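Please read this briefing alongside the sequence and the model, which are shown directly below. The notes that follow are grouped by topic.

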Amino acid sequence: MASMEEDGSVEEKDNNNKKRTKSAIAVAWLTFYNIAMTAGWLVLAMAMMRFYLQKATHKGLYKSIARTLKFFQTVALVEVGHCAIGIVRTSVIVTGVQVCSRIFMVWFITNSIKQIQNEESVILFLVVWTLTEITRYSFYTFNLLNHLPYFIKWARYNMFIIMYPLGVAGELLTIYAALPFVRKTGMLSMRLPNKYNISFDYYYFLIIVMLSYIPLFPQLFFHMLRQRRKVLLGEIIVEKDE
């Protein structure tokens with residue numbers, strides 16, 4: 001008959017094996033996910049370049065890539081789940097805000113208001129998003145594979161200094177361009193009286209969204225600056241599943 005120590009040792013080994021198995025599955029899934037997302041944003045980049053080379057104009061570009069953009073940006077909701085179940089050690093709230101703000105821009109602004117789809121500001125945030133996401137997902141992929149080229153690491157922690165403000169500018173200018181159309185049409189608004197006894201004005205909601213960038217942008221930007229200083233100066237080891 002096995003002793004209690006032996007039973008405990010076997011149980012501990014089983015638990016360790018289960019943890020290693022779960023960890024291996026998580027790494028495999030994250031690697032697959034990040035490769036797929038890198039490929040998706042590369043497809044978007046090539047589609048945008050091809051459109052511009054053929055048409056020599058940005059007009060109609062959004063419409064040509066809208067389906068692909070909506071698919072890959074919406075799939076990013078999976079990342080909130082990654083944080084929630086703990087396979088990625090990042091704040092659920094921070095990730096949720098970043099992902100949902102992008103989805104909001106795609107579905108409830110640019111996709112819903114066709115009159116603004118040819119605005120230069122739309123092209124600005126699309127280009128910024130595309131370059132940022134190709135870099136970000138490439139970084140995660142190579143990091144998970146334990147083979148991170150320095151130039152990708154450098155790009156991940158330097159490009160945002162320019163790209164982040166440009167992206168925010170593109171998003172804000174796009175929302176601003178949408179305001180007259182929202183006010184004129186009353187889209188997504190509810191006026192009293194109605195059977196739900198609820199009043200909602202999408203026009204003023206968009207203004208609140210724009211104002212929310214004032215406290216949120218500095219926090220996220222300075223967070224990335226702190227990460228940049230730590231990573232590029234070698235003060236910490238970059239985590240695989242950041």
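The structure holds four salt bridges, a salt bridge being a side-chain nitrogen of Lys or Arg within 4 Å of a carboxyl oxygen of Asp or Glu. This is a predicted model, in which local features need pLDDT of at least 70 and side-chain atom pairs count only at pLDDT 80 or more, while totals for chains, interfaces and linings use all residues. Residues are numbered from 1 along each chain as its sequence is written, and side-chain values use heavy atoms, with hydrogens and water left out.

**Salt-bridge network**

- Glu79, Arg102, Glu133 and Arg136 are linked with one another in a network of salt bridges.
- Helices are DSSP runs (H or I, at least four residues), numbered from the N terminus.
- Arg136 is buried, with a relative accessible area of 14%, and Glu79 also counts as buried, at 11% relative accessibility, where buried means under 20% relative accessible area, exposed over 50% and partly exposed in between (1.4 Å probe, protein chains only).
- The side chains of Glu133 and Arg102 form a salt bridge at 3.3 Å, N to O; Glu133 lies in helix 5 and Arg102 in helix 4 (residues 92–110), so this pair ties together parts that are 31 residues apart in sequence.
- Glu133 is buried, with a relative accessible area of 3%, and Arg102 counts as buried at 14% relative accessibility.
- Glu133 also forms a salt bridge with Arg136, the closest N and O atoms being 2.8 Å apart; these two residues are separated by about one helical turn because they are three residues apart in helix 5.

**A buried lysine without a partner**

- Lys70, which lies in helix 2 (residues 61–75), is buried yet has no salt bridge, and the nearest side chain of opposite charge, that of Glu133, is 18 Å away; for charge, Lys and Arg count as positive and Asp and Glu as negative, while His and the chain ends are not counted.
- Leaving aside its neighbours within four places in sequence, Lys70 is in contact (heavy atoms within 4.5 Å) with Val106, Trp107 and Asn111.

**Aromatic rings**

- The structure holds 18 aromatic pairs, for which rings of Phe, Tyr and Trp (its six-membered ring) must have centres within 6.5 Å, with planes under 30 degrees apart counted as stacked, over 60 as edge-to-face and the rest as tilted.
- One of these pairs, Phe125 with Trp129, is tilted, at 4.7 Å centre to centre and 45° between the planes, and both residues are buried.
- The rings of Tyr164 and Phe217 have their centres 5.3 Å apart and their planes at 70°, so that pair is edge-to-face; it links distant parts of the chain, with Tyr164 in helix 7 (residues 160–185) and Phe217 in helix 8 (residues 202–232), 53 residues apart.
- Phe217 is partly exposed, with a relative accessible area of 23%.
- Phe104, Phe108, Phe200, Tyr202 and Phe205 form one aromatic cluster.

**Charges over rings**

- The charged end of Arg136 sits over the ring of Tyr137, 4.4 Å from its centre, the criterion being that NZ of Lys or CZ of Arg is within 6 Å of the ring centre and within 35 degrees of the ring normal.
- The charged end of Arg156 sits over the ring of Tyr157, 5.7 Å from the ring centre.
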